[in-house]
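Thanks, everyone. I have one structure to go through today, and I will keep it short.

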Amino acid sequence: MNLAPFRSVLALPGVRPLMVLMLFARIPPTAAGVTVTLHVVTTLDKGYAAAGTVGFATMIGLGLGSPLMGKLVDSKGLRFVLALSLLEGLFWVTAPLMDYYVLLVLAFANGLVAVPMMSIGRQALTAIVPEPHRRPAFSLDSISVELSFMVGPAAGVAIATKFSSGTALVTIGIAILVASAVLFAVDPVLVHEDEVVDGPAPRVGEWLRGPVLAALIIPFGATMTLSGMEISSIASLEQAGRQSWLSLVFVVMCAASAIGGLVYGSLTRVPGGVVLLACMALLEIPVGLGDGSVLLLALALIPMNLVCAPTITASTELISRHAPPTARGLALGLQGSAFTFGVAVGQPLAGVAVDRGGPPLGFVVAGLAGLLVAGVGWVFARRRQAVSVTS
């Protein structure tokens, strides 16, 4: 593996501290989902259906709020959006005092104003990394996201079980406030020095087409297949009575994705994002052959997850290249919505399949759905080529 591209990126001014800062800033939000679930189930004693409803409300809020926050970053600046973290922190700190129905409503509202740490990191990275170095930079960013998802949920569970779910919720709020305060003080640049930002901002219809639409289709399909994979994996091990091995299986998945990101970032010629999405979906279909066995399931999940980080990186590359600098926050916010709504579709889709035919069918259905989304992306790619030729 050629690590020279990564060394070049990390040698650029400001890249290392930005990546370290964003890694820690992204950990608290990743702990939110599992911590709220534990709080609703154990402290409020409302059951998993009620917890899932709160999670769904949060996802809808995040899906609608992400582009709104991105647009505010473009128009008002990063510090204005970071100031809204006071509302987000207030929600988490006071969440232990709420009854279920207040929590349900305010979870949706909090999603609308949540600081988009994922997209802020990508936007800041785009601003300080020249285009020839962005593939390895975005690959490292994808690996950083994998690390945050490995640490965040585990930390949330550890605090909730050792102390209380309320303590875990308050900890999340304080961590978000601290991370936002540090980002507010650093105030990273969000537009590259060589990019022109003078004049009126382009209308959304002028750039929300072609490659940018493809960049939104890719993460939707990716998270749809990934969430279906997670639900089916959980069901497979639970039905076999091996649910205690779930953490290890998820670590294997994250590690495989990180390795795939390193390989992808070191290459000069790579397949397109739609092709990568199709490969990821296709490789999910046979995962059910490992049903019930920890070792076989972990091994079967590796090929699919090797393509995960590259697929996300390809989407971000398209946005950084084709979205105008003055609207990049909105474009990355829409990418965040695509991630969120992909999960919202993938989980119940795989869940229904698991209920009807067992975990193997869950993997098959999620994989076929991913192939269908990749096909839609391919159709858009063909139309893009036709438009570019005629124009």
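I will cover a helix pair, a surface patch and a salt bridge. Please keep in mind that this is a predicted model.

Start with the helix pair. Helix H2 spans residues 15–43 and helix H7 spans residues 117–128. Their axes come within 9 Å and cross at roughly 170°. Angles over 145 degrees count as roughly antiparallel, and H2 and H7 are therefore roughly antiparallel to each other. On the H2 side, the contact is made by Val15, Leu18, Met19, Met22, Ala25, Arg26, Pro29 and Thr30. H7 contributes Met117, Met118, Ile120, Gly121, Arg122, Ala124, Leu125 and Ile128. Sorted by class, the residues in this contact of H2 with H7 are 12 nonpolar, two polar and two charged.

Next, the surface. Val93, Ile174, Val178, Val182 and Val186 make a nonpolar patch of about 380 Å². Which helix gives the largest share of the patch? That is helix H9, residues 165–186, with four residues. Isoleucine 174 is in helix H9.

Last, the charged pairs. How many salt bridges does a search of the whole structure find? The count is seven.

How values were computed
Residues are numbered from 1 along each chain as its sequence is written. This is a predicted model: local features need pLDDT of at least 70, side-chain atom pairs count only at pLDDT 80 or more; totals for chains, interfaces and linings use all residues. Side-chain values use heavy atoms; hydrogens and water are left out. Axes are lines fitted to C-alpha atoms, for helices over the stretch in contact, and angles run from 0 to 180 degrees between N-to-C directions. Helices (H or I, at least four residues) and strands (E, at least two) are DSSP runs, numbered from the N terminus. Angles under 35 degrees count as roughly parallel, over 145 as roughly antiparallel, 65 to 115 as roughly perpendicular and the rest as oblique. Contact means heavy atoms within 4.5 Å. Ala, Val, Leu, Ile, Met, Phe, Trp, Tyr, Cys and Pro count as nonpolar, Asp, Glu, Lys and Arg as charged, and the others, Gly among them, as polar. Patches are made of residues with over 30% relative accessible area and no salt bridge: like charges are joined within 9 Å, nonpolar side chains (Val, Leu, Ile, Met, Phe, Trp, Tyr) within 5 Å. Accessible areas come from the Shrake-Rupley method with a 1.4 Å probe; for residues, only the protein chains shown count as cover. A salt bridge is a side-chain nitrogen of Lys or Arg within 4 Å of a carboxyl oxygen of Asp or Glu.
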